[in-house]
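Trainee: Could you show me how to read pockets, rings and strands in a structure that is new to me?

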Amino acid sequence: MMYLDQPLENSKLALKNRLIMPPMATAKSGIDGGITQDILNYYEEKTKGGYLSLVIIEHSYVTLAGKASKNQLSVAEDSLIDGLKKLSDLIHNNGTKTVMQINHAGSAASKEVINMDPLGPSAVINPSKENAAVPIALDRDGIKKIVDNFQKASIRVKEAGFDGVEIHSAHGYLLNQFLSPLTNKRTDEYGGDITGRIKIHLEIIKAIREAVGDFPILLRMGATDYREDGLTIEDSQKAASAFAQAGVDILDISGGMCRYTLPGVQEPGYFAPYSAAIKAAVSIPVIVTGGITKAEDAEEILRNKKADLVGVGRAIYKDSNWAKNAMESFK
(Lines give C-alpha, C1' and ligand atoms only; values in the text may rest on other atoms or scores of the structure.)
Protein backbone atom coordinates (compact mmCIF):
# COMPACT_ATOMS: atom_id res chain seq x y z
CA MET A 1 0.00 0.00 0.00
CA MET A 2 1.15 3.51 -0.79
CA TYR A 3 0.27 5.63 2.22
CA LEU A 4 1.31 8.94 0.63
CA ASP A 5 -1.35 8.53 -2.02
CA GLN A 6 -4.23 7.87 0.38
CA PRO A 7 -6.84 10.65 0.63
CA LEU A 8 -7.51 12.40 3.93
CA GLU A 9 -11.27 12.22 4.37
CA ASN A 10 -11.90 12.40 8.13
CA SER A 11 -11.21 16.14 8.25
CA LYS A 12 -12.94 19.42 7.54
CA LEU A 13 -10.10 19.99 5.07
CA ALA A 14 -10.39 16.96 2.80
CA LEU A 15 -7.20 16.25 0.86
CA LYS A 16 -6.46 13.98 -2.10
CA ASN A 17 -3.19 12.64 -0.66
CA ARG A 18 -0.93 12.93 2.39
CA LEU A 19 1.89 15.04 0.91
CA ILE A 20 2.00 18.75 1.69
CA MET A 21 4.42 21.60 1.18
CA PRO A 22 4.90 23.39 4.50
CA PRO A 23 5.40 27.15 4.79
CA MET A 24 8.87 28.41 3.83
CA ALA A 25 9.72 32.11 3.63
CA THR A 26 10.72 33.24 0.14
CA ALA A 27 11.49 36.94 0.78
CA LYS A 28 9.87 37.64 -2.60
CA SER A 29 7.09 40.00 -1.53
CA GLY A 30 6.85 43.70 -2.29
CA ILE A 31 7.94 46.41 0.13
CA ASP A 32 4.37 46.55 1.44
CA GLY A 33 4.22 42.78 1.85
CA GLY A 34 2.10 42.40 -1.27
CA ILE A 35 2.05 39.58 -3.81
CA THR A 36 4.60 39.97 -6.60
CA GLN A 37 5.06 38.20 -9.90
CA ASP A 38 8.09 36.45 -8.39
CA ILE A 39 5.87 34.89 -5.72
CA LEU A 40 3.29 33.82 -8.30
CA ASN A 41 6.02 32.26 -10.44
CA TYR A 42 7.47 30.43 -7.44
CA TYR A 43 4.19 28.83 -6.39
CA GLU A 44 3.27 28.07 -9.99
CA GLU A 45 6.50 26.07 -10.32
CA LYS A 46 6.01 24.23 -7.03
CA THR A 47 2.37 23.24 -7.62
CA LYS A 48 2.23 22.48 -11.33
CA GLY A 49 0.90 18.99 -12.00
CA GLY A 50 -1.13 18.94 -8.78
CA TYR A 51 1.02 16.31 -7.05
CA LEU A 52 0.81 18.09 -3.70
CA SER A 53 -2.50 17.90 -1.86
CA LEU A 54 -1.87 21.08 0.11
CA VAL A 55 0.46 24.07 0.11
CA ILE A 56 0.71 26.18 3.25
CA ILE A 57 1.80 29.67 2.25
CA GLU A 58 4.79 31.17 4.05
CA HIS A 59 4.20 33.09 7.27
CA SER A 60 2.54 36.44 6.71
CA TYR A 61 2.44 39.19 9.30
CA VAL A 62 -0.85 40.26 10.84
CA THR A 63 0.41 43.70 11.88
CA LEU A 64 3.50 45.76 11.13
CA ALA A 65 4.66 45.35 14.74
CA GLY A 66 4.81 41.62 14.07
CA LYS A 67 6.81 41.73 10.84
CA ALA A 68 9.71 39.27 11.04
CA SER A 69 11.86 40.38 8.10
CA LYS A 70 12.09 42.55 5.03
CA ASN A 71 10.12 41.32 2.01
CA GLN A 72 7.90 39.16 4.19
CA LEU A 73 4.35 38.60 3.00
CA SER A 74 1.63 40.60 4.71
CA VAL A 75 -2.02 39.95 5.49
CA ALA A 76 -2.32 43.10 7.59
CA GLU A 77 -4.34 45.28 5.19
CA ASP A 78 -7.53 44.84 3.17
CA SER A 79 -5.76 46.32 0.16
CA LEU A 80 -3.69 43.11 -0.12
CA ILE A 81 -6.67 40.79 -0.63
CA ASP A 82 -6.80 41.11 -4.43
CA GLY A 83 -3.15 40.07 -4.75
CA LEU A 84 -3.65 37.15 -2.38
CA LYS A 85 -6.65 36.06 -4.46
CA LYS A 86 -4.37 35.75 -7.50
CA LEU A 87 -2.15 33.41 -5.50
CA SER A 88 -4.97 31.17 -4.25
CA ASP A 89 -6.50 31.03 -7.75
CA LEU A 90 -3.19 30.02 -9.29
CA ILE A 91 -2.66 27.17 -6.83
CA HIS A 92 -6.26 25.97 -7.20
CA ASN A 93 -5.91 26.00 -10.97
CA ASN A 94 -2.97 23.61 -10.56
CA GLY A 95 -5.16 21.16 -8.66
CA THR A 96 -3.87 21.81 -5.14
CA LYS A 97 -5.50 23.22 -2.02
CA THR A 98 -3.87 26.04 -0.11
CA VAL A 99 -3.87 27.45 3.40
CA MET A 100 -2.28 30.71 4.50
CA GLN A 101 -0.14 30.91 7.62
CA ILE A 102 -0.56 34.06 9.70
CA ASN A 103 2.00 35.22 12.23
CA HIS A 104 3.27 37.80 14.68
CA ALA A 105 7.04 37.76 15.22
CA GLY A 106 6.95 39.24 18.73
CA SER A 107 10.45 39.42 20.18
CA ALA A 108 11.85 37.75 17.05
CA ALA A 109 11.24 41.04 15.22
CA SER A 110 13.95 43.68 14.99
CA LYS A 111 13.65 47.42 15.47
CA GLU A 112 15.29 48.09 12.09
CA VAL A 113 12.46 46.22 10.34
CA ILE A 114 9.43 47.37 12.35
CA ASN A 115 10.71 50.82 13.43
CA MET A 116 9.63 50.24 17.01
CA ASP A 117 10.72 48.19 19.98
CA PRO A 118 9.72 44.51 19.64
CA LEU A 119 7.00 43.08 21.86
CA GLY A 120 6.88 39.83 23.81
CA PRO A 121 5.02 38.07 26.60
CA SER A 122 7.82 39.00 29.00
CA ALA A 123 10.93 41.19 29.01
CA VAL A 124 13.10 38.16 28.22
CA ILE A 125 15.62 37.81 25.39
CA ASN A 126 14.43 35.39 22.72
CA PRO A 127 16.80 32.37 22.68
CA SER A 128 15.82 31.47 19.11
CA LYS A 129 17.21 34.68 17.61
CA GLU A 130 20.79 35.91 17.52
CA ASN A 131 21.40 39.42 18.84
CA ALA A 132 17.80 39.71 20.00
CA ALA A 133 16.84 42.76 22.02
CA VAL A 134 14.91 42.60 25.27
CA PRO A 135 11.28 43.07 24.21
CA ILE A 136 8.61 45.21 25.82
CA ALA A 137 6.27 42.97 27.81
CA LEU A 138 2.72 43.12 26.47
CA ASP A 139 -0.04 44.41 28.71
CA ARG A 140 -3.60 43.10 28.52
CA ASP A 141 -4.68 45.79 26.05
CA GLY A 142 -1.75 44.85 23.82
CA ILE A 143 -2.77 41.20 23.94
CA LYS A 144 -6.36 42.08 23.00
CA LYS A 145 -5.06 44.09 20.04
CA ILE A 146 -3.03 41.10 18.83
CA VAL A 147 -6.06 38.80 19.12
CA ASP A 148 -7.94 41.32 16.98
CA ASN A 149 -5.06 41.42 14.46
CA PHE A 150 -5.21 37.65 14.03
CA GLN A 151 -8.99 37.70 13.69
CA LYS A 152 -8.95 40.37 10.97
CA ALA A 153 -6.13 38.60 9.14
CA SER A 154 -8.15 35.38 9.08
CA ILE A 155 -11.09 37.21 7.50
CA ARG A 156 -8.77 38.46 4.74
CA VAL A 157 -7.45 34.93 4.16
CA LYS A 158 -10.98 33.62 3.72
CA GLU A 159 -11.96 36.50 1.43
CA ALA A 160 -8.87 35.83 -0.69
CA GLY A 161 -10.17 32.35 -1.49
CA PHE A 162 -7.85 30.15 0.56
CA ASP A 163 -9.00 26.77 1.88
CA GLY A 164 -8.05 27.51 5.47
CA VAL A 165 -5.86 29.56 7.79
CA GLU A 166 -2.91 28.42 9.90
CA ILE A 167 -2.02 30.11 13.19
CA HIS A 168 1.77 30.14 13.69
CA SER A 169 2.91 29.12 17.17
CA ALA A 170 6.34 27.69 16.41
CA HIS A 171 9.93 28.65 15.55
CA GLY A 172 10.33 31.24 18.31
CA TYR A 173 7.63 33.68 17.15
CA LEU A 174 5.16 35.46 19.42
CA LEU A 175 2.61 32.73 20.12
CA ASN A 176 5.44 30.25 20.60
CA GLN A 177 6.94 32.77 23.06
CA PHE A 178 3.75 32.57 25.10
CA LEU A 179 3.74 28.76 24.86
CA SER A 180 7.35 28.26 25.98
CA PRO A 181 8.41 28.60 29.63
CA LEU A 182 11.76 29.92 28.34
CA THR A 183 10.17 33.20 27.23
CA ASN A 184 6.91 33.38 29.17
CA LYS A 185 7.68 34.50 32.71
CA ARG A 186 4.34 36.24 33.27
CA THR A 187 2.61 36.04 36.64
CA ASP A 188 -0.87 36.97 35.39
CA GLU A 189 -3.46 34.73 33.70
CA TYR A 190 -1.36 34.57 30.51
CA GLY A 191 1.58 32.91 32.25
CA GLY A 192 2.40 30.20 34.76
CA ASP A 193 1.37 26.66 33.90
CA ILE A 194 0.41 25.46 30.43
CA THR A 195 -3.20 26.57 30.92
CA GLY A 196 -2.07 30.18 31.32
CA ARG A 197 0.57 30.02 28.61
CA ILE A 198 -2.01 28.98 25.97
CA LYS A 199 -4.70 31.46 27.02
CA ILE A 200 -3.82 33.83 24.15
CA HIS A 201 -3.98 30.91 21.69
CA LEU A 202 -7.46 29.95 22.84
CA GLU A 203 -8.62 33.56 22.58
CA ILE A 204 -7.25 33.78 19.03
CA ILE A 205 -8.84 30.46 18.00
CA LYS A 206 -12.19 31.60 19.43
CA ALA A 207 -11.97 35.00 17.72
CA ILE A 208 -11.09 33.44 14.37
CA ARG A 209 -13.83 30.84 14.60
CA GLU A 210 -16.40 33.55 15.39
CA ALA A 211 -15.23 35.55 12.37
CA VAL A 212 -14.88 32.85 9.70
CA GLY A 213 -17.49 30.28 10.70
CA ASP A 214 -16.93 26.75 9.44
CA PHE A 215 -13.56 27.58 7.81
CA PRO A 216 -10.66 25.18 8.45
CA ILE A 217 -8.25 26.37 11.15
CA LEU A 218 -4.78 24.84 11.42
CA LEU A 219 -2.21 25.58 14.10
CA ARG A 220 1.53 25.13 13.74
CA MET A 221 2.90 24.19 17.10
CA GLY A 222 6.46 24.27 18.37
CA ALA A 223 6.13 21.01 20.29
CA THR A 224 9.64 21.05 21.73
CA ASP A 225 12.30 23.62 22.58
CA TYR A 226 14.81 20.75 22.75
CA ARG A 227 16.07 22.02 26.10
CA GLU A 228 15.62 20.51 29.55
CA ASP A 229 14.13 23.76 30.88
CA GLY A 230 11.91 24.20 27.82
CA LEU A 231 8.47 22.94 26.84
CA THR A 232 7.78 19.37 27.97
CA ILE A 233 6.04 16.81 25.82
CA GLU A 234 3.37 16.46 28.50
CA ASP A 235 2.59 20.17 28.23
CA SER A 236 2.61 19.92 24.43
CA GLN A 237 0.02 17.13 24.64
CA LYS A 238 -2.15 19.18 27.00
CA ALA A 239 -1.88 22.22 24.72
CA ALA A 240 -2.68 20.15 21.63
CA SER A 241 -5.75 18.67 23.29
CA ALA A 242 -6.96 22.14 24.32
CA PHE A 243 -6.41 23.49 20.80
CA ALA A 244 -8.43 20.64 19.31
CA GLN A 245 -11.25 21.15 21.79
CA ALA A 246 -11.23 24.89 20.99
CA GLY A 247 -11.85 24.22 17.31
CA VAL A 248 -8.50 23.68 15.57
CA ASP A 249 -8.99 21.21 12.70
CA ILE A 250 -5.38 20.16 12.00
CA LEU A 251 -2.21 20.44 14.09
CA ASP A 252 1.10 21.05 12.29
CA ILE A 253 4.04 19.90 14.41
CA SER A 254 7.48 21.49 14.28
CA GLY A 255 10.05 22.97 16.66
CA GLY A 256 9.79 25.75 19.19
CA MET A 257 12.79 27.75 20.36
CA CYS A 258 14.99 25.27 18.46
CA ARG A 259 13.13 26.49 15.36
CA TYR A 260 12.81 23.96 12.51
CA THR A 261 15.80 21.76 13.38
CA LEU A 262 17.03 19.69 16.31
CA PRO A 263 20.69 20.43 17.06
CA GLY A 264 22.82 17.40 16.27
CA VAL A 265 19.89 15.31 15.01
CA GLN A 266 20.00 14.34 11.36
CA GLU A 267 17.65 11.40 10.84
CA PRO A 268 14.63 12.07 8.61
CA GLY A 269 11.41 13.04 10.31
CA TYR A 270 13.15 14.24 13.45
CA PHE A 271 9.95 15.81 14.83
CA ALA A 272 8.04 12.53 14.33
CA PRO A 273 8.41 11.39 17.97
CA TYR A 274 6.65 14.61 18.99
CA SER A 275 3.92 14.33 16.34
CA ALA A 276 3.33 10.72 17.42
CA ALA A 277 2.92 11.77 21.06
CA ILE A 278 0.52 14.55 20.08
CA LYS A 279 -1.38 12.28 17.70
CA ALA A 280 -1.99 10.01 20.69
CA ALA A 281 -3.56 12.92 22.58
CA VAL A 282 -5.94 14.24 19.89
CA SER A 283 -8.42 12.90 17.35
CA ILE A 284 -7.76 15.53 14.66
CA PRO A 285 -5.18 15.05 11.87
CA VAL A 286 -1.53 15.83 12.62
CA ILE A 287 1.13 17.05 10.18
CA VAL A 288 4.84 16.46 10.75
CA THR A 289 7.82 18.05 9.01
CA GLY A 290 11.56 17.93 9.58
CA GLY A 291 14.37 16.58 7.43
CA ILE A 292 12.23 14.35 5.21
CA THR A 293 13.96 14.06 1.84
CA LYS A 294 12.89 10.63 0.55
CA ALA A 295 9.43 9.32 -0.26
CA GLU A 296 10.29 6.10 1.61
CA ASP A 297 10.84 8.09 4.80
CA ALA A 298 7.47 9.81 4.43
CA GLU A 299 5.83 6.41 3.84
CA GLU A 300 7.40 4.99 6.99
CA ILE A 301 6.11 7.86 9.13
CA LEU A 302 2.58 7.35 7.81
CA ARG A 303 2.76 3.56 8.03
CA ASN A 304 3.82 3.76 11.68
CA LYS A 305 1.01 6.25 12.40
CA LYS A 306 3.37 8.93 13.67
CA ALA A 307 1.42 11.52 11.67
CA ASP A 308 -1.50 11.76 9.25
CA LEU A 309 0.19 14.12 6.80
CA VAL A 310 3.83 14.69 5.89
CA GLY A 311 5.33 18.05 5.06
CA VAL A 312 8.37 18.06 2.80
CA GLY A 313 10.02 21.47 2.78
CA ARG A 314 13.67 21.87 1.84
CA ALA A 315 13.66 18.96 -0.59
CA ILE A 316 10.79 20.52 -2.56
CA TYR A 317 12.40 23.95 -2.25
CA LYS A 318 15.54 22.54 -3.91
CA ASP A 319 13.74 20.35 -6.45
CA SER A 320 10.36 21.40 -7.84
CA ASN A 321 9.88 17.90 -9.31
CA TRP A 322 10.23 16.18 -5.91
CA ALA A 323 6.50 15.69 -5.41
CA LYS A 324 6.02 14.35 -8.94
CA ASN A 325 8.91 11.92 -8.58
CA ALA A 326 7.77 10.80 -5.13
CA MET A 327 4.23 10.06 -6.24
CA GLU A 328 5.34 8.27 -9.38
CA SER A 329 8.07 6.25 -7.64
CA PHE A 330 5.50 3.88 -6.13
CA LYS A 331 3.60 3.23 -9.36
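The dialogue below takes up pockets, then aromatic rings, then a strand.

Mentor: Please keep in mind that this is a predicted model, in which local features need pLDDT of at least 70 and side-chain atom pairs count only at pLDDT 80 or more, while totals for chains, interfaces and linings use all residues. Residues are numbered from 1 along each chain as its sequence is written, and side-chain values use heavy atoms, with hydrogens and water left out.

Trainee: How much space lies in the largest pocket, and which residues lie nearest its centre?

Mentor: Rolling a probe the size of a water molecule over the atoms shows where empty space is left. A pocket here is an open set of points on a 1 Å grid over the protein atoms alone, where a 1.4 Å probe fits and protein lies on both sides within 12 Å along at least five of seven lines, and its lining residues have an atom within 4 Å of a point. The volume is the space filled by probe spheres set on the points, which are joined across faces, edges and corners. In this model the largest pocket holds about 470 Å³, and among its 25 lining residues P23, M24, H171, Y260 and R314 lie nearest the centre. Strand β2 (54-61) and helix α11 (314-318) each supply at least two residues of that lining, where helices (H or I, at least four residues) and strands (E, at least two) are DSSP runs numbered from the N terminus.

Trainee: Which helix gives the most to the lining of the second largest pocket?

Mentor: That is α10, with three residues, and both α9 (272-279) and α10 (295-303) supply at least two. The second largest pocket has a volume of about 180 Å³, and its lining of 13 residues has P268, G269, A272, I301 and K306 nearest the centre.

Trainee: How many aromatic pairs are there, and why is the pair of Y42 and Y43 given its class?

Mentor: Rings of Phe, Tyr and Trp (its six-membered ring) pair if their centres lie within 6.5 Å, and planes under 30 degrees apart count as stacked, over 60 as edge-to-face and the rest as tilted. By this rule the count comes to four aromatic pairs. The ring centres of Y42 and Y43 are 4.8 Å apart with planes at 90°, so this pair is edge-to-face. The rings of Y270 and F271 are also edge-to-face, because their planes stand at 70°, with the centres 5.1 Å apart. One aromatic cluster is formed by Y42, Y43 and Y317.

Trainee: Is Y43 buried or exposed?

Mentor: Buried means under 20% relative accessible area, exposed over 50%, and partly exposed in between (1.4 Å probe, protein chains only). Y43 counts as buried at 1% relative accessibility, and Y42 is buried as well, at 9%.

Trainee: What covers the two faces of strand β7, and which strands join it?

Mentor: In a regular strand the side chains alternate between the two faces of the sheet. In β7 (residues 217-222), I217, L219 and M221 on one side and L218, R220 and G222 on the other are all buried, and both faces are covered. Two strands pair if DSSP finds at least two bridges between them. Strand β6 (residues 164-169) runs parallel to β7 and is joined to it by five bridges, with I167 opposite L219. Five bridges also join β7 to the parallel strand β8 (residues 250-254), where D252 stands opposite R220.
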